[in-house]
Amino acid sequence: MTAVVDATALEKTYGETTALSGASIAVGGGEVFALIGPNGAGKTTLVRALTGTTEPDSGTARVLGESPTAIDRDRLGVLPQDFSPPDRLSARELLEYYAGLYDDPRDPDDVLADVGLADAGDTWYEDLSGGQQRRVCVGSTLVNDPDVLFLDEPTTGIDPAGRRTVWRLIEDLAAAGTTVVLTTHDMAEAERLGDRVGLLADGAVVARGTPAELVAEHGGSSRLTIETTASLEAFADLEYPADRPATGRRHGRPSETVVVRDVDPAEIGTVVDYLEDRGIEYTGLTWAEPDLEDVYLALADRTELERTGRGGSGDGAADESDLARAGETA
Ligand SMILES: Nc1ncnc2c1ncn2[C@@H]1O[C@H](COP(=O)(O)OP(=O)(O)OP(=O)(O)O)[C@@H](O)[C@H]1O
């Protein structure tokens, strides 16, 4: 693969803080690469190093074969995480403003339609909702029809329907050959859009691969989630491993769920019988294959728990060797 976006062993420190410690990614033409990882993992710093807005202490960054500071800006679209355009302009005027920076820009109205805001062109930016504003910001990166697009948390604050509009847009752009590097905290977004996903922790990519590869390697086993306030001891005689997640997910009520692993769909009845036989009350039962969120919890969340000294989550399937192994493959 000839890398269109290439970061090799990037290091960056800010005073005492290490933002990047040997981060490497290589992204091929037309590929969507999704960067995930906890707050402070270094995602934005990596994007900034690749777009020429921060200078790494060491390592090399190349985009379309060039240094990020030397690259023709017409070929690049960059959406910073904290992008805040002048807000005393209408959505259309804003896109016209950005279009005016390029020799051969797209029609701003076409861009507005792309981001699902065809009807909002005359609305002042400051009067748009937060999610609509973010969509205009995404649009501003498209006016020059870039070959490479860097999107730092593109859908933060966008409602589910708008998010899907942006997802389809990114898929269409990639299908047409645009190379996309995006960061996200939304695992569904990373799983859907990412041809490959890289998980950053403490400034380095600790795991990478297609979503399916990552799930197969780090996702652990299937999950039967039982909504119950019963104690974990009540599950002691169950023939499957049971855990009470220490970290929140699903409905934000982690203390009210017990997760049973390794149950095939055909065996769910066995667990239901167990609950009924012992009079264990429950309000819901959901079976799921492991997904990218499990990978995240197994790898990234674990480093967070270790850092904060709260011990293992009891929810992820990884142990120390998983992290070490992931580091080796990164
Ligand atoms: N300009 C800066 N000055 C000082 N420290 C910085 C600067 N930029 C980033 N950092 C620090 O570097 C580390 C990595 O930050 P970065 O923004 O790259 O993480 P991130 O993965 O994008 O986080 P988030 O998910 O919260 O956006 C953090 O500890 C952050 O505080």
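User: Which elements each supply at least two residues of the shell around the ligand?

Analyst: Helices (H or I, at least four residues) and strands (E, at least two) are DSSP runs, numbered from the N terminus. Here β2 (17-28) and α1 (43-50) each contribute at least two residues to the ligand shell, and α1 gives the largest share, 3 residues. This is a predicted model: local features need pLDDT of at least 70, side-chain atom pairs count only at pLDDT 80 or more, and totals for chains, interfaces and linings use all residues. Residues are numbered from 1 along each chain as its sequence is written.

User: Which residues are around the ligand, and how do they divide into nonpolar, polar and charged?

Analyst: A residue is near a molecule or strand if its C-beta atom, placed from the backbone, lies within 6 Å of it. Around the ligand are Tyr14, Thr17, Ala19, Gly37, Asn39, Gly40, Ala41, Gly42, Lys43, Thr44, Thr45 and Gln81. Ala, Val, Leu, Ile, Met, Phe, Trp, Tyr, Cys and Pro count as nonpolar, Asp, Glu, Lys and Arg as charged, and the others, Gly among them, as polar. The shell accordingly holds 3 nonpolar, 8 polar and 1 charged residues.

User: Which residues of helix α2 are buried, and why do they line one face of the helix?

Analyst: A residue is buried if 20 or more other C-beta atoms lie within 10 Å of its own, exposed if 12 or fewer, and partly exposed in between, with C-beta atoms placed from the backbone. In α2 (residues 91-99), Ala91, Arg92, Leu94, Leu95 and Tyr98 are buried. They line one face because, viewed down the axis of α2, they fall within an arc of 160 degrees, the arc being that of the directions from the helix axis to the C-beta atoms.

User: Against which elements do the buried residues of α2 pack, and how many residues of α4 are buried?

Analyst: Two residues are in contact if their C-beta atoms, placed from the backbone, lie within 7 Å. The buried residues of α2 pack against α3 (108-114) and α4 (130-140). Helix α4 is mostly covered, with 9 of its 11 residues buried, including Arg134, Val136 and Cys137. Its buried residues pack against β5 (76-79), α2, α3 and α5 (160-175).

User: In what order do the strands of the open sheet lie?

Analyst: Two strands pair if DSSP finds at least two bridges between them. In this case 4 strands form an open sheet with the order β11-β12-β10-β13 and antiparallel pairing. Strands β11 (242-243) and β13 (284-288) are at the edges, each pairing on one side only. Between β11 and β12 (residues 257-261) there are 2 bridges, and Ala242 has Val260 as its bridge partner in β12.

User: Is Arg223 buried or exposed, and which residues does Arg223 touch?

Analyst: Arg223, in strand β10 (residues 223-227), counts as buried because it has 25 C-beta neighbours inside 10 Å. Not counting residues up to four places away in sequence, Arg223 touches Val259, Arg261, Ala288 and Pro290. The C-alpha atoms of Arg223 and Asp262 are separated by 6.9 Å, although 39 residues apart along the chain.

User: Is Asp277 buried or exposed?

Analyst: Asp277, in helix α8 (residues 268-277), is exposed, since 9 other C-beta atoms lie within 10 Å.

User: How many helices and strands are there in the protein chain?

Analyst: The protein chain has 10 helices and 13 strands. Of its 330 residues, 42% are buried.
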